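Student: I am new to this structure and would be grateful for a close look at a single part. Please take me through the places where the chains touch one another.

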Amino acid sequence: MARRPLPQPPVRLVGGRLGLWWQLFFRFGPPRWTLYMRHNWAGKRLVIAVPYVWLLLFFLIPFIIVFKISFSEVRLAMPPYAPLWEWVSERAVDVRLNFGNYLFLLTDDLYVSAYLYSLKVAAISTLFCLLIAYPMAYGIARSSPATRNLYLMLIILPFWTSFLLRVYAWIGLLQNNGVINKVLMAIGIIDEPITMMQTDFAVFIGIVYSYLPFMILPLYSNLEKHDFTLLEAAADLGASPIKSFLRITLPLSVPGIVAGSLLVFIPAVGEYVIPSLLGSTDQLMIGRVLSDEFFANRDWPVASAVAIAMLLLLMVPIMIFQRYQARELAGAK
Amino acid sequence: MRLKGRHWFSKTGLWLGLAFLYVPIISMIVFSFNNSRLVTVWDAANSPTLKWYGELFANDQIMGAAWLSIRIAAMTATGAVILGTLAGLVLVRFGPFRGRALLSGMTTAPLVMPEVITGLSLLLLFVALQQLIGWPQSRDVTTITIAHITFSMAYVTIVVQSRLAGFDNSLEEAALDLGAKPGKVFFRITLPLIVPAILSGWLLAFTLSWDDVVVSQFVAGPGSTTLPMVIFSKVRLGVSPDVNALATIMVLIVATGVVVSAIWMRRQERRRAREMQMAVAANK
Amino acid sequence: MAERRNDNKNEPWRDPSAQAYVEIQNVTKRFGDFVAVNNVSLKIYQHEIFCLLGGSGCGKTTLLRMLAGFEAPTSGRILIDGKDMAETPPYERPTNMMFQSYALFPHMSVAKNVSFGLEQEKLPKAEIAQRVDEILDIVKMREYAQRKPHQLSGGQRQRVALARALAKRPKLLLLDEPLGALDKKLREQTQFELINIQERLGVTFVVVTHDQEEAMTLASRIGVMNRGEIVQVGTPSEIYEFPSTRFVADFIGSVNMFEGRLIEDLPDRVRISSPELGGVVYVDHGISAAPGANVWAAIRPEKITLSRAAPADASENCARGIVKEIAYMGDLSIYLVKIESGKMVRITMPNVERLAEHERILWDEQVYLSWHSSSPVVLTQ
């Protein structure tokens with residue numbers, strides 16, 4: 001195939017390091033261009049380059065740096081970590097890979113229990129979220145199109161208001177002299193206020209409350225696509241409503257359940273604000289541990305190791321989520 | 001019909017769920033008019049009062065932080081819309097190219113990335129950059145904005161992507177076929193079609209930035225305290241009534257905006273439906 | 001119908017010195033491992049309506065998109081008006097395309113859609129307006145000029161799409177399933193309008209369709225495609241009466257196929273012994289095949305006569321069978337007859353007279369099938 005000669009990148013003009021980048025970028029040729037692209041390769045590549053370079057610089061490279069620092073030693077300086085390699089002489093590089101931070105994570109009880117606790121909190125919150133969201137999503141999907149939009153608006157509206165303030169609102173409700181205790185005592189169900197603040201319960205409530213729309217929306221968009229004549233067919237064939245729900249609606253909604261659960265579970269594991277405001281100080285979640293290591297102890301290498309360990313833990317769910325997302329968008333086409 | 005049975009169950013669940021979503025917000029609004037400093041004790045004698053609203057507007061720290069947050073959010077939303085639109089366009093319309101999978105991964109990962117990790121990694125990047133090239137000299141509005149753009153552009157990308165995927169790319173091909181060059185095709189055809197997605201992406205990015213506390217805490221410097229950071233440090237010490245007043249104002253603004261846009265969209269939809277009906281009827 | 005048109009026209013493809021307007025030379029298009037178009041060569045002449053006909057996935061649309069410039073051939077050349085198109089992007093080609101989905105710009109009015117192409121040529125405003133009116137007149141859409149696409153019915157959108165593609169007065173118009181989205185009645189009506197417009201403006205049409213009726217009505221010539229290859233090119237009647245392969249015979253209309261062996265092979269006649277028929281097929285024209293070769297005699301259902309009494313000469317081109325199915329279609333009836341070899345044969349008979357019940361051939365009757373010796377087509381592949 002006849003190809004237009006690639007214009008020479010203006011290396012001399014920009015020179016040095018930037019020139020190298022230019023080279024790298026304009027030389028990697030996609031294996032197959034449509035003609036539309038082939039004739040506008042410069043413009044097209046520029047369009048690709050802008051978001052690509054941004055994400056490489058501010059999303060991917062930061063992770064590499066975190067990864068790198070997680071192997072270095074803490075030091076009283078600014079920045080407070082030792083470089084990984086040092087030129088000891090002109091020819092020799094001294095590389096010091098320090099696995100101590102990771103070893104520390106494994107041996108110190110604080111970290112392991114914080115990880116396990118975070119996973120537990122995230123899992124339980126996700127489950128509650130699902131239990132509350134499913135009937136809601138189902139109810140919306142089965143209502144008339146006009147009211148459907150109204151319901152959706154009501155679900156999304158809190159999301160547009162500040163997340164921080166919504167969590168804060170629960171403090172006023174859950175406190176010992178808060179609204180819930182006042183109401184319960186007024187009705188006479190309880191005599192003593194129940195301690196709800198700084199308990200796991202408060203954290204569950206906070207997470208479920210904040211992440212509920214993220215569970216409802218994927219579930220709704222799945223349930224909305226269901227053909228409800230399937231249920232009529234099942235009823236016609238003699239299945240009871242419960243049975244046809246379990247055998248038809250539930251299996252068909254699995255993709256929505258998976259997407260919603262991941263959207264709640266993954267960020268919940270690293271949640272920082274909710275446990276800080278509502279949770280107890282005895283048992284910390286991993287997000288809090290990370291920020292304490294960083295801000296209070298100024299131990300950047302250990303904080304980095306905590307982050308990398310958290311990423312590894314979440315790698316599988318993140319990848320499942322990405323596959324789901326890619327399929328969703330392909331389906332939209 | 002037999003299927004009605006389960007319907008009331010899900011309807012009840014829906015209403016209970018909505019109550020769960022709105023009770024805290026409503027209680028927050030109610031107590032913002034309470035005279036007592038103890039947020040949960042209703043001072044019936046002197047309430048309702050606008051006292052806390054007055055204090056809120058007199059609080060220079062909060063007002064300054066709010067102004068800073070608005071500026072950051074507006075810049076973030078604009079930057080995120082530009083980058084996110086480009087990324088969405090590239091992913092949907094540019095066909096396969098080397099490195100596409102990485103780009104698509106980098107645009108979806110921030111959607112679920114725990115905020116502490118994003119914040120930590122960006123701060124370490126800024127520190128490393130400062131050592132390497134001397135920029136950024138200090139952590140301020142610029143670093144916060146860069147960080148916010150990075151995590152919010154993912155949302156814009158998703159919104160733009162799904163809008164673009166809903167349009168046949170034969171529209172753009174038709175424009176090319178009629179003699180418009182690719183740049184012109186983008187501005188005359190693609191852009192007008194995705195304007196709704198860009199608008200909602202802008203609002204989404206604005207909200208995400210306006211709301212963020214964790215990432216900001218990492219990348220903010222001493223002189224740049226955003227509104228959520230102020231609120232966070234205030235409410236960590238317990239409830240405070242002027243925060244209630246602030247929350248009420250924000251809820252009101254958002255609710256008005258959402259309701260107005262919903263009504264407008266509904267009108268548009270109705271008009272469109274009517275026109276389509278007329279077109280069909282005219283043909284019979 | 002196609003007959004009428006071809007009689008009036010010269011047939012440039014029969015003239016070896018004629019200059020082709022579009023020349024496709026050994027074009028292959030691969031998508032990864034998938035070969036969408038395989039070594040296709042074609043010549044299309046000016047003022048033709050050339051139909052690319054084939055099932056879904058046969059590569060016809062890919063070929064059209066390569067003409068428009070949306071896909072680049074993996075190998076081979078495309079020449080339009082003698083010029084190699086390899087380096088010409090879609091927006092510089094002398095072609096316009098009408099899309100299957102119509103691809104009307106939803107945010108522009110009908111007039112704006114039509115003028116879009118003219119604006120790209122930077123014509124003066126007055127001229128653009130005049131040409132838009134002119135072309136909207138041709139497709140009878142002038143009164144809808146200010147409407148948006150969603151305010152139009154399917155048939156009106158189709159007209160706007162056609163007007164938009166014609167507005168730049170392209171020499172070559174590419175139409176991708178132009179009538180695919182219309183219902184049957186509208187489709188028939190629009191077919192003739194398309195032909196009229198084509199004759200009036202003198203444009204060359206390349207039409208992609210999967211609908212053989214559409215291709216037969218519109219085309220001056222048809223190129224039948226299968227699995228990325230052109231299997232036969234010819235006028236509609238050539239394709240129907242003289243299919244070159246079993247695929248073409250089967251794809252266009254319906255056909256009865258009898259496998260057999262050549263037992264007599266002379267320049268002016270052949271005889272085929274077919275166990276599937278349980279007899280001999282006599283054909284009154286010569287074919288080119290090795291003696292003793294395996295061949296197929298293809299006979300169209302309407303060319304077979306059905307009778308209760310045995311024909312005068314029952315030794316050849318004849319079979320006896322039992323009527324198994326009758327489908328009354330109004331204008332004609334379809335009979336399925338099981339002949340003695342066990343094969344089912346399809347016969348169509350026009351319902352010329354209004355016959356009384358007892359005069360009609362009915363189920364389970366014994367009948368004789370016969371046909372003229374000019375009817376069978378002998379196929380070797």
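Tutor: What follows is an account of the contacts between chains, and then of a few local features.

The model is predicted, so local features are given only at pLDDT of at least 70 and side-chain atom pairs only at pLDDT 80 or more, while totals for chains, interfaces and linings use all residues. Residues are numbered from 1 along each chain as its sequence is written, chains are lettered from A and ligands numbered from 1 in the order in which they are written, and side-chain values use heavy atoms, with hydrogens and water left out.

Consider chain B and chain C. Their contact (heavy atoms within 4.5 Å) takes 24 residues from chain B and 29 residues from chain C. The size of an interface is often given as the accessible area lost when the parts come together. Here the buried area (the accessible area, with a 1.4 Å probe, that two parts lose on being put together, summed over both) is about 2400 Å², and carbon and sulfur atoms give 59% of that area. Asp177(B), Leu178(B) and Arg188(B) supply 29% of what chain B buries against chain C, more than any other three residues.

Arg188(B) also takes part in a salt bridge (a side-chain nitrogen of Lys or Arg within 4 Å of a carboxyl oxygen of Asp or Glu). Its partner is Glu119(C), and the closest N and O atoms are 3.2 Å apart. Across this interface of chain B and chain C there are two salt bridges.

On the side of chain B that touches chain C, two or more residues come from each of helix 7 (170–177), helix 8 (182–211) and helix 11 (241–282) of chain B. These helices are DSSP runs of H or I with at least four residues, numbered from the N terminus. Helix 7 of chain B gives the most to that side, with seven residues. By residue type, the side of chain B that touches chain C divides into 13 nonpolar, three polar and eight charged. In this division Ala, Val, Leu, Ile, Met, Phe, Trp, Tyr, Cys and Pro count as nonpolar, Asp, Glu, Lys and Arg as charged, and the others, Gly among them, as polar.

Turn now to chain A and chain B. Their contact takes 105 residues from chain A and 97 residues from chain B. About 9600 Å² is buried between these chains, 78% of it on carbon and sulfur atoms. Across the interface of chain A and chain B, zero salt bridges are found. Helix 4 (residues 41–69) of chain A provides the largest share of the side of chain A that touches chain B, namely 19 residues. The residues on that side of chain A divide into 77 nonpolar, 20 polar and eight charged.

The peptide bond from Trp135(B) to Pro136(B) is cis, with omega near -5°, and Pro136(B) is found in the loop between helix 5 (115–133) and helix 6 (141–165) of chain B. In chain C, Lys122(C) has a positive phi of about 60° although it is not a glycine. Lys122(C) is found in the loop between helix 3 (110–120) and helix 4 (125–138) of chain C.
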